[in-house]
Amino acid sequence: MTNLGRRAFVAGAAAMSAAPAMAQGAAKEAPGLAALVAEGKLAKLADRVGASPLVVVPVEKAGAYGGQLRRGLRGSADHNGILRMVGNQGLVRWNATFTEVLPNVAEKWEVNEASTEFTFHLRPGMKWSDGHPFTADDVVFAIEDCCKNSELYRSVPSPLVIANKPGVASKINDTTVKFTFEAPYALFLEIMATPLGQHPTLFAKHYGAQFHPKYNNKVADLVKAANVSDWGALFRSKLGDIEIPLRWGNPEKPVLDPWVVQEPYSGGATRVLMRRNPYFWQVDTEGRQLPYIDALNFSISQDVESLMLDVISGKLDIQDRHIDTLQNKPTLSQNAAKGGYRLVELVNSGAQQCQMYFNMMHKNPAMRAFFGNKSVRQALSMAIDRSEIIELVYLGQSEPYQTGPRPGHPWYHETLARQFTKYDKTAAGAMLDAAGYPRKNGQRVHPDGSKLFFAIDVIPTLYPDLVDTLELVKRHWAEIGIDCKVNTIERSLYYTRGDNNEHDCAVWPGPGGLDPMLDPRDFFAQHPQGSRYAIPWTQWYVSNGKEGEEPPESQKQRMKLFDAARGTADMAKRAAAMKALFDITAEAFETVGICLAVNAFGIASNKLRNVPVKMPSSWSWPNPGPSLPQQYYLG
Amino acid sequence: MIPSLGVISILAFILIRLPPGDFVTNYIATLAASNEIVDQNTAAELRARFGLDQPMIVQYWRWISGIVLRGDFGFSFEWQQPVGDLIWERMGLTLVLTFTTLLMTWAIALPVGVYSAVKKYSLGDYVATFFSFLGLAVPSFLLALVLMYVAAMYFSQDVGGLFSQEYLTAPWSFWKFVDLMSHIWIAVIILAVSGTASLIRIMRANMLDELSKPYVTTARAKGLSEMTLLFRYPVRLALNPFISTIAWLLPNLVSGSVIVAIVLNLPTAGPLLLQSLMSQDMYLAGAFVLLICALTLVGTLISDVLLALVDPRIRLE
């Protein structure tokens, strides 16, 4: 009856998650759980999933219960391999294509006009994995007692902070919790959908309180018994944190994940075993409780090569971490039939594989004039034979591209993405002639007749493919008389040169393909370490005009547009502002790119179903988590 | 011994701290390789919690005082588990593996070495020599990789690790032992190959030195049978160098065969040691280095004592 009452309370709220009929039947839950229910050792399904579980639409079709999913981990610092698979249960989540935020733990929410107040409605009757109710108290405990406790977190985790002030979480009633910020924080929902935004749902109050001095004045005894330095260390060892190995080290800890730890991830472990959470709060379209798969088995390999061997001999069901280099792809394709797996495409969340940032604010006036000349940049872009680079360096796995949201993204901008990618060295040469950079003995010279030469900074240890690409670019440019040098340098020197504005040109993978709001460095001078075509303009932007150099009108317009887009949670308004911004970026043509950021890939066993054929690959969209592994099944 | 251990502990600490960065920068870089980001506030928090923001001397004092005063080796940064537990957890299997390998090496190398010395320049000698040079020349990790590939691709055999899935966490039983034996042989062979090869060469050379000495002729003239003669005199003398290598044997228990263990995915101490060094997990790595050094010192002591026992000449001096 209480369930009915609660259901009435949230009537209308459950658009995404209309409570399905909870008919009693073996097929609605895993056979193992049904047996426990029959024995009276476990609560009935309807009581376990609550009145308003999240309804998940399976990728292909509803699956069968059972089986064990095998995945590999590396021996050290690979806890995020587990997080990506099971542990991204925040208040909200990303949709399958990384374009929209959907309800998750919260079944709906409201945002005020100023984007300073976010009210989340939780799911009535939802339970932790130990059967204890999950309520607004847990969220308030996690934020107010844990994240904002200076003995536990010396500074509040940055996703909860805007304008240097942490937000306040307050309980409205059992299933409603409100976050209040002192400044507009329109991206709060997007950030809460990323792994680093999981704090609100991380700590169970009924379990965590015993390790917290505010609720247990005998914590000191526990600290002494556990032989640790302070209560913070004890708390962490029991409840973990978002991305530390300890998160997967305590089988007793209540969680909201589809699977719970059975054999923990510890220093001596050779595998991690997880079994289904009987109280998991998600169901499929037929009202059957998820996950379909009984258990996860993460085997731990010390060596990446032996992980490859496990993949090609068919001993893993789903894997992408550590094996997704381009060099591995032929081996993996070759052995697909033998190992009984297929390749899954992982869409790179970046836009550009090799973004070239010509220093338009160069300290040398002659170079500043050269790089600052738009038709010079256009000529340089047109003189690159992109198809040759794609064929030789990227094995044909890409297409000519400049920058901007990737094809398929709702904000994809054709001009921004494709302009000046057509190979035409004759036209390019003519444009340089017209711009006043004639050839002398075959080499281009400055208008005053002095030698024209520049260096392109690249970090070989970080991006070996970019070095190969640049060697080809150098050859292409030599044909139109441009002389340059591929300057392979170490990471810290690369940054120092950039920070001091001492570089001629630098390359870096261009972000913003799927997450244009989270990293717009190539669309305007926004990032003091990233927008390397005009570092002084970024300083002007970041310091509100106090430092750096004043940018041109085109940049100022874009800075205003971006601030407008960032200040509103209204997606239509945001899209319009960004469209206008992209128009101006395309017109200004500041960066030159080679090809669309190359996709990675993973493998999935042929037995494993409901895995999307392609999914984003990103840390903000921690693949494969947002493709919902709880609805994968073994056919 | 105690003062040298003290000096070693300081050196070890400095050496582990020597590469640029610290545990936290390493941790961030490792995650960045998978495109993962650590919150800046969290990173600062970690650094403060591990005391990495303190001067080195303070860090050293925190570490060494725990060991000396309380026998507490501290917590591993990465795993937040007591260092002692982590190391001991791995020691059992490490000992089994090392001793099996050692026995196998000696069981093959000693007889073959003696044989190829006695039957110098015979067909058997050439065969033994050929294989021992081959064994010396092939890096053992490469051998491991090739064997694993062949086993996986052509025999669908699982060669990594020491146990099958079903016995991984099972309590010890007869069948678990059988399972261990069915996995351990490949590791033992790979590890034994290079050791055996060099031992054969050493044994052969030692024996050749001894065989031509006058006491052998004397013994033969006294009418001793060839076998008795061989084992009573020259072999005993030729064994001396082996005994002095026991000093290196003990530290090898911990740090030997690291690369092979990593390739074969063996749950032994080696991979843990390498991992802790690479991630600059100070307390874990420090405890390992200290342990290895202590074992070297103890090993030297043992081999000195043994040598004196075996060889009367040394006692006389």
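In the predicted model, strand β16 (residues 341-348) of chain A pairs with β25(A) in the parallel sense, and 4 bridges link the two. Within this pairing, A:V347 has A:P616 of β25(A) as its bridge partner. Both strands belong to an open sheet of 4 strands in chain A, arranged in the order β15-β23-β16-β25, with mixed pairing. The edges of this sheet are formed by β15 (318-319) and β25 (614-617) of chain A, each of which pairs on one side only.

Chain A also contains an open sheet of 4 strands in the order β5-β6-β10-β9, in which the pairing is antiparallel. From one strand to the next, the twist averages 25°. Helix α5 (residues 136-147) of chain A lies across β6, β9 and β10 (176-180) of chain A, and its direction makes an angle of about 165° with β9(A).

The axes of helix α21 (residues 553-567) and helix α22 (residues 571-588) of chain A come within 9 Å of each other and cross at roughly 160°. Angles over 145 degrees count as roughly antiparallel, and α21(A) and α22(A) are therefore roughly antiparallel to each other. The crossing of α21(A) and α22(A) is left-handed. On the side of α21(A), the contact is made by A:S554, A:Q557, A:R558, A:L561, A:F562, A:A564 and A:A565. The residues contributed by α22(A) are A:R574, A:A577, A:M578, A:A580, A:L581, A:I584, A:T585 and A:A588. Classified by residue type, the contact of α21(A) with α22(A) comprises 10 nonpolar, 3 polar and 2 charged residues.

Chain B is divided into two parts, domain 1 (2-72) and domain 2 (86-316). The centres of domain 1 and domain 2 of chain B, taken over C-alpha atoms, are separated by 34 Å. Contact between them involves 13 residues of domain 1 of chain B and 13 residues of domain 2 of chain B. On the side of domain 1 of chain B that touches domain 2 of chain B, the elements giving two or more residues are α1 (2-17) and α2 (23-33) of chain B. Of the elements on this side of domain 1 of chain B, α1(B) gives the most, with 7 residues. The residues on the side of domain 1 of chain B that touches domain 2 of chain B divide into 9 nonpolar, 3 polar and 1 charged.

The contact between the chains takes 31 residues from chain A and 40 residues from chain B. On the side of chain A that touches chain B, helix α10 (residues 304-312) of chain A gives the most, with 3 residues. By class, this side of chain A has 9 nonpolar, 15 polar and 7 charged residues.

Conventions: Residues numbered from 1 in each chain as written. Chains lettered and ligands numbered in written order. Predicted model: local features only at pLDDT ≥ 70, side-chain atom pairs only at ≥ 80, totals over all residues. Axes fitted to C-alpha atoms, helices over the stretch in contact; angles between N-to-C directions. Parallel < 35°, antiparallel > 145°, perpendicular 65-115°, else oblique. Left-handed = near helix turned anticlockwise from the far one by under 90°. Contact = placed C-beta atoms within 7 Å. Nonpolar A, V, L, I, M, F, W, Y, C, P; charged D, E, K, R; others polar. Domains from an automatic or database assignment. Pairing = 2+ DSSP bridges.
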